[in-house]
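Morning, everyone. Please have a look at the model on the screen, and then I'll take you through it.

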Amino acid sequence: MRLCELENKEVINACDCKKLGYVVDLIIDECSGCIEAMVIPKAGKLCGFFCDGSEYIIPYKCIKKIGADIILVEIHEE
């Protein structure tokens, strides 16, 4: 699967059914070439505008299912 295909899938937290957003980047281990995490920007107040620049870093182990339209993750937010 290519990054451009992941970018079109909405990421949803299975713990609380909250929509987190869309994948904008991946963190890849330089030595092994394996994906370590997905990067998803946190939404701003007006449809993504005026965002403070914060983002979700979802570790690869938290990805539970990649479907046709969505990516289910399991993260517990404080």
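Some ground rules first. This is a predicted model, so to speak of local features we need pLDDT of at least 70, and side-chain atom pairs count only at pLDDT 80 or more, while totals for chains, interfaces and linings use all residues. Residues are numbered from 1 along each chain as its sequence is written, and side-chain values use heavy atoms, with hydrogens and water left out.

Now the four-stranded sheet. The order is S2-S1-S7-S6, the sheet is open, and the pairing is mixed. Strands here are DSSP runs of E, at least two residues, and helices are runs of H or I, at least four residues, numbered from the N terminus. Two strands pair if DSSP finds at least two bridges between them. Strand S2 (18-22) and S6 sit at the edges with a single partner strand each, so one side of each has no neighbour in the sheet. Neighbouring strands are turned by 25 degrees against each other on average, direction ignored. That angle uses axes fitted to C-alpha atoms, for helices over the stretch in contact, and angles run from 0 to 180 degrees between N-to-C directions.

Take the pairs. Strand S1 (residues 10-13) and strand S7 (residues 70-73) run parallel, joined by four bridges. Val11 faces Ile71 in S7. S6 and S7 run antiparallel, with three bridges. They make a hairpin with three residues between them. There, Lys65 stands opposite Leu72 in S7.

Stay on S1 for a moment. Asn13 lies in this strand. Is Asn13 buried or exposed? Asn13 is buried, at a relative accessible area of 0%. Buried means under 20%, exposed over 50%, and partly exposed in between, with a 1.4 Å probe and protein chains only. What does the side chain of Asn13 contact? One partner is the side chain of Asp16, a polar contact at 3.4 Å. The Asn13 side chain also reaches the backbone oxygen of Ile75 at 2.8 Å. A polar contact is a pair of N or O atoms within 3.5 Å; within protein, one must be able to donate a hydrogen and the other to accept it, and residues adjacent in sequence count only if both atoms are side-chain atoms.

Next, the three-stranded sheet. Its order is S3-S4-S5, open and antiparallel. Strand S3 (25-28) and strand S5 (55-59) are the edges, each pairing on one side only. S3 and strand S4 (residues 35-41) are joined by four bridges. Ile27 has Ala37 as its bridge partner in S4. S3 and S4 form a hairpin with six residues between them, and Gly33 in the turn has a positive phi of about 80 degrees.

Last stop, the largest pocket. Among the residues lining it are Met1, Arg2, Leu26, Met38 and Tyr60. A pocket is an open set of points on a 1 Å grid over the protein atoms alone, where a 1.4 Å probe fits, with protein on both sides within 12 Å along at least five of seven lines; lining residues have an atom within 4 Å of a point. Helix H1 (3-6), S4 and strand S6 (63-66) each give two or more residues to the lining.
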